[in-house]
Protein chains: 2
Amino acid sequence: MRPVPRYVQQADGATLTFSVCTLVQSDEKYDRLLASFARLGFTAENSEFLAADNRTGNRFDGYSWTKALLAEARGRYVIFCHDDVELIEDGHDALLARLAELDAIDPTWLLAGVAGGRWRVGRNNWKRLATHISDPTGEDRRLGTLPCRVESLDECFILMRRSRPVVSSYDLAGFHFYGPDICLQAEFLGGTAWAIDFHLRHYGKGQKWQSFHACKRQFIAKYARYQPNRHLHCTTGIVHLSPPDEDVDR
Amino acid sequence: MRPVPRYVQQADGATLTFSVCTLVQSDEKYDRLLASFARLGFTAENSEFLAADNRTGNRFDGYSWTKALLAEARGRYVIFCHDDVELIEDGHDALLARLAELDAIDPTWLLAGVAGGRWRVGRNNWKRLATHISDPTGEDRRLGTLPCRVESLDECFILMRRSRPVVSSYDLAGFHFYGPDICLQAEFLGGTAWAIDFHLRHYGKGQKWQSFHACKRQFIAKYARYQPNRHLHCTTGIVHLSPPDEDVDR
């Protein structure tokens, strides 16, 4: 018997607008996130909420959780955010408006986030970040002019279109540098990453544990092969993609 | 009202084993493909069949159709094949057996195909291809020892796991070089591509129209930035990733 195929005529057949995907470690934080999204227009009619379940141990790491949830997501836009994010004033409509702006400015955009390192601004430029965010560093902080093309994004909030996905590295692991990693993969794919003006609160303190430096070393070792000596501006600091013979932690 | 999230606990929650995705230009060829898959064990119980519909014009090109269908696919494995492919002896069970073999040999595999250029064999190695295929060049042809790690795959049949996707470039277009392109993207992601022993018939003649050379030029211009002077072995010939100043068609 001949199987019955399904013909696809368009690149994006999504019915939901957003898939809000979260790496969840804490029920309490996640409840705060969900309540804030609901308050600001993300409803069951336009959005689904998917959680990578790390509540009882690290089933997923920074590089694997986005893949696992992307495979399940059904929305037109897929948001990947930490559980310690809370929407405070911008919501569903503001986000769609910012993305429409981005479509007009740069149709090749693949990733959008709320904080990142400006794209190739030069090694010693101190105005290296672009964001509008409230976090432990300060309320309602603004750096740079948004929207702003970036070369890295903070992992607290990253969004992509499901029909234009970007995938994280398979040869990196851990909970750091997967924002910069996915931005460099977007570059390899021929697209761009942007910081947009979507003001939210991030409760995370971004502490640099020992694991941070191990992740940084493996990140440098990987990308120095392709882009030796590039200085990559990240929200956690500048990373020098030093070739192997000068591959020391700095 | 607090939205109801769905918790995801595993990387791959697929219920179907295969999504057979095809770029369809001809109903007649596609019917032959579907009948052959059905004959060899791909049933509605284990597989779905998705068609990128190019029957009345080129809605999709080589780089866009895989993205459009990946977003719809629900199988554990996603096959991307041309409509002029026909299964002749190996089927559902053989393919699963080959993939289990591959899992054991190289868990970092991201792509599997039926014909490709051996991985970094050196510029002048004439044994540069690996395949088991029947095509206009000959019946039951065998080149190299399979499975074989490759640096490029022929576009006629390429498979990935849905939970470990690889995406084609967004800055390339056309109907050529999207096999080599997706293999280089797999390398960037830190994974590998393999030719496996899955004998099928490919009716395509692989003619090199003018569009082939235009695609080759854009492919070289893109990848020479990241891997200057690499000689990439493709089923269509050797491609020299010449830096911009020597970027001539050869």
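**Aromatic rings and symmetry**

A:Phe177, A:Phe188, A:Phe212, A:Phe219, A:Tyr223, A:Tyr226, B:Phe177, B:Phe188, B:Phe212, B:Phe219, B:Tyr223 and B:Tyr226 make up one aromatic cluster. The model is predicted, with local features needing pLDDT of at least 70 and side-chain atom pairs counting only at pLDDT 80 or more, while totals for chains, interfaces and linings use all residues. Residues are numbered from 1 along each chain as its sequence is written, chains are lettered from A and ligands numbered from 1 in the order written, and side-chain values use heavy atoms, without hydrogens and water.

Q: By what turn can chain A be laid on chain B?
A: The superposition is by least squares on the C-alpha atoms of residues with pLDDT of at least 70 in both copies. It gives an RMSD of 0.0 Å and a shift of 0.0 Å along the axis, with a turn of 180 degrees. The two copies are thus related as by a rotation axis that is two-fold.

Q: Which residue of chain A comes closest to the rotation axis?
A: Judged by C-alpha, the distance is 2.7 Å, and the residue is A:Tyr226.

Q: How are the rings of A:Tyr63 and A:Tyr178 arranged as a pair?
A: Rings of Phe, Tyr and Trp (its six-membered ring) pair if their centres lie within 6.5 Å, with planes under 30 degrees apart counting as stacked, over 60 as edge-to-face and the rest as tilted. Here the centres are 6.0 Å apart and the planes at 65 degrees, so the pair is edge-to-face.
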